[in-house]
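This report walks through one protein fold. It starts with terms and totals, then turns to selected elements.

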Amino acid sequence: MDQGSTAAARAHGGLTAAGVIRGARVMSPTGDFAAPATLAWSAGRFLEGQPAVEWTGPEAAGPRAAGAADFDGTGLWVIPGIVDAHVHASWHAFDAADRELLGDAGTRAATAAGLARTLAAGITSVRDAGGLTSAALAAVPATRRPAVQLSVRMLDHAAAEAAGGLDRAVDTVLGAGAQWVKLVGTAGVAAPAGAGLDPIFTAAEVRDAVRRAGDAGAGVMVHAWGGAAIDDAIDAGATSIEHGIFLTPDQAARAAAAGLTLVPTLRIYHLVRRMIAAGKLPAAFDARVAEAVAAHPNAVRIARDAGLPIALGTDSGTPDQHGSAPLEFDALVAAGLDPAEALLAATRNGAALLARAAGGTEPGGTEPGGTEPGGAETGGAGFGGAGSDTAAAGPAEASRAASTAGTLAPGALADAVLLRRDPREPGALSDQGAVVRVLRAGVLLDPRELLPDAADPHPSDPSPSDPHPSDPRPSAAPPTDSARRDSTPGGQARRDPAQRT
Ligand SMILES: [Zn+2]
């Protein structure tokens, strides 16, 4: 353990960026679990020779050096850190008017609380699909949140118009530190039933956006329920299709051949239907959302059958949703993935997707001290600091990291979740009580220290066998302003839901 890590250990109050977990069942890169093994890491990366071989190096360089974690994992399971490839970490109400009401301080507090809950649930990386800025992210200590990639803001028709063209809007978010350009390619829940798949941007605009993003090393994520917007995203060389509810087998095959990833968001539409039923959203949305609920699982099976990688995404944007990615795992299984496939969607596929953005291996924490301004404050060795989770990595480093991203293989980023239940068991992964430790960039965290006192904000859904878990769960975070939304001016409030989900 080098001096930097020791300093980090002190800064983290005894937590370290090196360690070993002994005797746990460790997930393989294909989603299986073999006999109990030892998993060791140092400097934020899993070590060569592990997990199959016990550490045999010199004590001074080994995981049991002074201050390193040495954890007895007997009877436990280890999976790679969960990745939520589609979240709105700074959103705490369904529509923009309500989000405004929360104010800056309220939004900051809710964002920090939501990210802490997210990390406590075992989600070690997220990709923000719009809303979270670099400055807002920098305000959250890296020890209390997942690694985060940003898209800064969603680019819809209005954003493009306001900027004087989609090209300018793209350049603006890239200039603001976005690792992802988020294009809103079709309408969302507020369009009429049976309609709303018209592409919002032209094929030429999408191509140009992809080119600009590529020049900056950024990826492109396209919100597309279906139709020509999916075709255009594939043809333009976008990186991922978000939602993809009406994905066809032909599109899935072409997307797979072109190297895209599908990020379905199954559970959010159940939650939207519940909000409609509770009178919190217009009843007029219901027919279209019902179509989405019915069709979305098909897209998952179509993608799986076509060999199109599926990455887990929640679209979370309210306090009770943040940290709910394990419930989306249950929804993927309910849609037809087997548990091993769903585990890969929740880990490796999402990590591989995030690795495709600039320096995307994240947490700059591979270099003790990091390269970002926040490094000194946050201890450095384990975390990338507050400012940039994608601090530049060299091409070789990036390539190695991409090939092992989201696995427990030697060289992979030391992100993992230690569970007391077999994650393939229904409801186990979404049982917060089953999360024993979360390993984030080599730092072993106790999830209870990330959660508000006494409360269990993460009870699993009422019945593990419920194929469509959708109960909003109790939360210690500020309540949404949904009760007030009815009194907010209608225009913006009504328009916003069309632009998401
Ligand atoms: Zn979204």
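## Terms and basis

A residue is buried if 20 or more other C-beta atoms lie within 10 Å of its own, exposed if 12 or fewer, and partly exposed in between, with C-beta atoms placed from the backbone. Helices (H or I, at least four residues) and strands (E, at least two) are DSSP runs, numbered from the N terminus.

The model is predicted: local features need pLDDT of at least 70, side-chain atom pairs count only at pLDDT 80 or more, and totals for chains, interfaces and linings use all residues. Residue numbers start from 1 along each chain as its sequence is written.

## Overall picture

The protein has 501 residues, and 60% of them are buried. Its secondary structure comprises 17 helices and 16 strands.

Two residues are in contact if their C-beta atoms, placed from the backbone, lie within 7 Å. Of the contacts with a separation of 6 or more, 70% join residues 24 or more positions apart.

## Strand 7 and its neighbours

Strand 7 covers residues 123-128, and six of its six residues are buried. Two strands pair if DSSP finds at least two bridges between them. Strand 6 (residues 82-87) runs parallel to strand 7, joined by four bridges. Ile82 has Ile123 of strand 7 as its bridge partner.

Strand 8 (residues 147-149) also pairs with strand 7, in the parallel sense, over three bridges. Here Arg127 stands opposite Gln149 of strand 8.

Strand 6, helix 2 (residues 96-120) and strand 7 form a right-handed β-α-β unit. Right-handed means that, with the strands pointing away from the viewer, the path from the first strand over the helix to the second runs clockwise.

## Helix 8

Helix 8 spans residues 249-257, with Gln251, Ala252 and Ala255 buried. These three lie on the same side of helix 8 because they cover an arc of only 100° around the axis. The arc is that of the directions from the helix axis to the C-beta atoms. Asp250 and Ala257 are exposed on the other side.

The cover over the buried residues includes helix 7 (228-236), strand 12 (240-243), strand 13 (261-263) and helix 10. Gly259 follows helix 8 and has a positive phi, near 85°.

## Helix 9

Helix 9 runs over residues 266-277. Its buried residues are Leu266, Arg267, Ile268, Tyr269, Leu271, Val272, Arg273 and Met275. They pack against helix 10 (286-306) and helix 11 (325-335). Just after helix 9, Gly279 takes a positive phi of about 80°.
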